[in-house]
Every structure is written in structure tokens, then in C-alpha cells.
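Subject: A structure for you to explore

Hi there,

Here is the structure I promised to pass on to you. Have a look around it first, and then read my notes below.

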Amino acid sequence: MCQVLLGINNRITANVNLLVRRPPVISDNSTRSVVASESDSVELSCYAGGMPIPEISWRRENNAILPTGGSIYRGNVLQIANIRKEDRGTYYCIAENQVGRGARRNINVEVEFSPVVKATRPRVYQALQYDMDLECHVEAYPPAAITWVHKQESIVNNQHFRVSQFATADEFTDTTLRVLSIEKRQFGNYSCMATNKLGQSSATVQLI
């Protein structure tokens, strides 16, 4: 308040509003993480306080294309209809109001999907009495249970076979079936089967 005294009972006053500029702070009611099944609709929300009121924008890790199209989306709520496994990853909620450097929250979006199995080499050749590796790449979330099958029988580790698995990420697994000292009866088709709660898939490797 500013006052000017003109006399004992005569004064002029004026009020001045003081606005304190504050950098953005992302609110606790914003999304922190999401787990959804493929084809679900997903809503990511982000709210922030500050003065002036911050603007909200969305980006993906490595500036990947957003499900809505483009590399940036503006607004408090990012809607993803019919989410796909390709939409999984880290999303960034960015709040900016030209005060300070702004605020950012990382939101992890995980998408559950049925297994996708691919044979690294669908057909392999080897001579009798030599070893040979048959390989499959499995993509699934939750991680899949993996089984190798030959002539309708599940394969276990023994003097004829060695099965190994190596997870390269939560949703990626490489599996190898080593056929030891190949005998004639071991030629033929081998199926690599992967199963999780959302479904099952398989790929075939032919040993010739």
C-alpha cells in the first residue's frame, strides 16, 4: 500500500499487487508409472504449480514419436488409445513457466503383451556327430516361459541336448538349444514355444 498525506484527515492511498514468480513444481497427483495390457486405453496426467501457471508438454525418451503423433504434445493429459507394445518406454512430463529451468518427471509406461517368437535361422545344416546351436529370439511381457519341443516331446538337458536362456531386457530373451553329437534321429523340426498369461507363440527351426 502506498499513501500520500495531504492533511490531517486527508490522504490518498493506492494498492499494488505483488506477484512472486515461482518455478514449476510437479504435483503429487500426477502419474508416476503405468502398467497396461496391449490394446488398453491409457491416460497419463501431469499437473504443476508455480507462478506464472506452468505449461505442460510431453516427450518420449530419445525424442521418439508419441502415440499421438509428433515428438511433442502439449496439455495436462496425454491419452493413448489402443496402446501397443511399441508404445512402452519412458515418457517425460515437462512443466515450464520461464522461471528457472522448469521441472520434469519421468513416467515409465509398461505394456503387457503376448509372446512374439522369431527363429534366428529357420533352417540350419550340420553333419552327423557334430554339435549344432538352434536359436530363437522371444519378445514378451511379462517374461515368457520357454520350451523347446521335438517330435511332440519337451526337451530337457541331457546327453543329447543343452538348453540355455539369456534375458537381454525385461521383455527380451534369447534362447539356444544345442544339439550334441548329432544322430540321424535328431534331424527334423524343433519348435521354440513361449507362453505368458496373455498367450502363446512359437517358431520352428529345421535341422538338416
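A disulfide needs the sulfur atoms within 2.5 Å, so Cys192 is in no disulfide either. Please keep in mind that this is a predicted model. Cys136 counts as buried because its relative accessibility is 1%, and Cys192 counts as buried because its value is 0%.

Which cysteines do form a disulfide? Cys46 and Cys93 are joined, with an S to S distance of 1.6 Å. A disulfide is a covalent bond between the sulfur atoms of two cysteines. A search of the whole structure finds 1 such link. Cys46 sits in the loop between strand S5 (42-45) and strand S6 (48-51), while Cys93 belongs to strand S10 (residues 89-96), so the bond links distant parts of the chain, 47 residues apart. The angle about the S-S bond is -55°, and the link of Cys46 and Cys93 is left-handed. Both Cys46 and Cys93 are buried.

Next, the strands. An open sheet is formed by 5 strands, in the order S12-S19-S18-S14-S15, and its pairing is mixed. Strand S12 (123-124) and strand S15 (153-154) are the edges, each pairing on one side only. Inside the sheet, strand S14 (residues 145-150) and strand S18 (residues 188-196) run antiparallel and are joined by 6 bridges. If you want a place to start looking, find Ala145, which stands opposite Thr195 in S18.

Now for the nonpolar residues. In soluble globular proteins, nonpolar side chains tend to be buried together. The largest nonpolar core here has 22 residues, and Leu134, Trp148 and Tyr190 have the most contacts inside it. Strand S11 (103-119), strand S13 (132-141), S14, strand S17 (172-179), S18 and strand S19 (199-207) each give two or more residues to this core. Strand S13 gives the most, with 5 residues.

Last come the charged residues. Side chains of opposite charge can pair when their charged atoms come close. How many salt bridges does the structure hold? The count is 8. In one of them, Glu139 meets Arg88 at 3.0 Å, N to O. Glu139 is in strand S13 and Arg88 in the loop between strand S9 (77-80) and S10, with 51 residues separating the two. Glu139 and Arg88 are both buried.

Another salt bridge pairs Asp133 with Arg178 at 2.7 Å, N to O. Asp133 lies in strand S13 and Arg178 in strand S17, so this pair ties together parts that are 45 residues apart in sequence. Arg178 is partly exposed, with a relative accessible area of 37%.

Arg185 and Glu183 also form a salt bridge, their closest N and O atoms being 3.0 Å apart. Arg185 counts as partly exposed at 49% relative accessibility, and Glu183 counts as partly exposed at 27%. Finally, salt bridges that share partners join Arg88, Glu139 and Glu171 into one network.

Enjoy exploring!

Best wishes

Terms used
Residues are numbered from 1 along each chain as its sequence is written. This is a predicted model: local features need pLDDT of at least 70, side-chain atom pairs count only at pLDDT 80 or more; totals for chains, interfaces and linings use all residues. Side-chain values use heavy atoms; hydrogens and water are left out. Helices (H or I, at least four residues) and strands (E, at least two) are DSSP runs, numbered from the N terminus. Buried means under 20% relative accessible area, exposed over 50%, partly exposed in between (1.4 Å probe, protein chains only). Two strands pair if DSSP finds at least two bridges between them. A nonpolar core is a set of buried Ala, Val, Leu, Ile, Met, Phe, Trp, Tyr and Cys residues joined through side-chain atoms within 4.5 Å. A salt bridge is a side-chain nitrogen of Lys or Arg within 4 Å of a carboxyl oxygen of Asp or Glu.
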